[in-house]
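Visitor: I am new to this structure. Could you show it to me and take a few questions?

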Amino acid sequence: MARKKLIAGNWKMNGLLADGVELAKNVVLQVKAMGKPQCEFLVCPPFTLLTSVKKALRGAKVALGAQDCHMAEKGAHTGDISPLMLKDLGCTYVILGHSERRADHGETDELVRAKAEAAHKVGLKTVICIGETLAQRDAGKAVEVCRNQILGSVPADSNATDTVIAYEPVWAIGTGKVPTTADVEEVHAAVRKVLAQKLGKSVANKMRILYGGSVKPGNAKELLSLPDVDGALIGGASLKAEDFVAIAKNGTC
Ligand code: PGA
């Protein structure tokens, strides 16, 4: 089953207008220079940059996504952004349940699932993040934690078109530390098994599972050549267009 790799940039809370647009334009140039890439590209800037980045991406094969959304379509939710608003701006994806949101905003699996259901309802694709902390890994619980997060965060009617999973060990995010390839493949294979139990084998075989956590041009090849790794969710290295696109190239996209 050939799954098209997704190379996704999570800009997090970075970028003002001028440098965000510049970064997007550079990504476009680099992606265009690749000719016919075999992978799909996605950038997820902060809310404030979505409109201007959308303009900068015009005509390029780079999708636009947001980093979070609310579960309601509209209403009295001061400071929040609805899935419909994101769709209206031209987003096709939204990242949900990133560990920084789970930690900083107390987001639970149930909340992440409700947000994902709302996003799917308006036609947005979701990148649902899971991953264990260092203490959980040290306790031998990485697979169990990811299993529970999948069971709790992924909507029951998710399919391989509207949902992407991102496995991001919390201890690997922004630290330069990366699990061994054997550990990454072990979790990815286990996640696919859980997806098969939850959504059926055919959906699970088609659903993309990204790896995230200190992905750089230098480690892209070994990570992206693992059988169950279908792309990358990239934080720090996505803030440099050359590095972001080099990850795709080195990952044989
Ligand atoms: P990182 O972040 O690439 O900077 O480790 C990844 C992420 O949090 O999505």
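Visitor: Are tyrosine 167 and tyrosine 211 buried or exposed?
Guide: Keep in mind that this is a predicted model. Buried means under 20% relative accessible area. Tyrosine 167 and tyrosine 211 are both buried.

Visitor: What kind of aromatic pair do tyrosine 167 and tyrosine 211 form?
Guide: Their ring centres are 6.2 Å apart, with 65° between the planes. Planes over 60 degrees apart count as edge-to-face. So the pair of tyrosine 167 and tyrosine 211 is edge-to-face.

Visitor: How many residues apart in sequence are the parts that tyrosine 167 and tyrosine 211 tie together?
Guide: Tyrosine 167 sits in strand E6, residues 163-167. Tyrosine 211 sits in strand E7, residues 208-212. The pair therefore links parts separated in sequence by 44 residues.

Visitor: Which parts do phenylalanine 41 and phenylalanine 244 tie together?
Guide: These two rings form an edge-to-face pair, 6.0 Å centre to centre. Phenylalanine 41 is buried, as is phenylalanine 244. One lies in a strand and the other in a helix, so the pair joins parts 203 residues apart in sequence: strand E2 and helix H11.

Visitor: Which residue has a backbone N or O atom 2.6 Å from an oxygen atom of the ligand?
Guide: Lysine 12 places a polar side-chain atom 2.7 Å from a ligand oxygen. Glutamate 168 also uses a polar side-chain atom, at 2.6 Å. The backbone atom belongs to glycine 174.

Visitor: How much of the ligand's exposed area does the protein bury?
Guide: Taken alone, the ligand exposes 280 Å². Of that area, the protein buries 97%.

Key:
Residues numbered from 1 in each chain as written. Predicted model: local features only at pLDDT ≥ 70, side-chain atom pairs only at ≥ 80, totals over all residues. Heavy atoms only, no water. Polar contact = N/O pair within 3.5 Å; in protein donor to acceptor, adjacent residues only side chain to side chain. Areas by Shrake-Rupley, 256 points an atom, 1.4 Å probe, with all protein chains shown as cover. Phe/Tyr/Trp six-rings, centres within 6.5 Å; stacked < 30°, edge-to-face > 60°. Helix = DSSP H or I, 4+ residues; strand = E, 2+ residues; numbered from the N terminus. Buried < 20%, exposed > 50% of the residue type's maximum accessible area, 1.4 Å probe, protein only.
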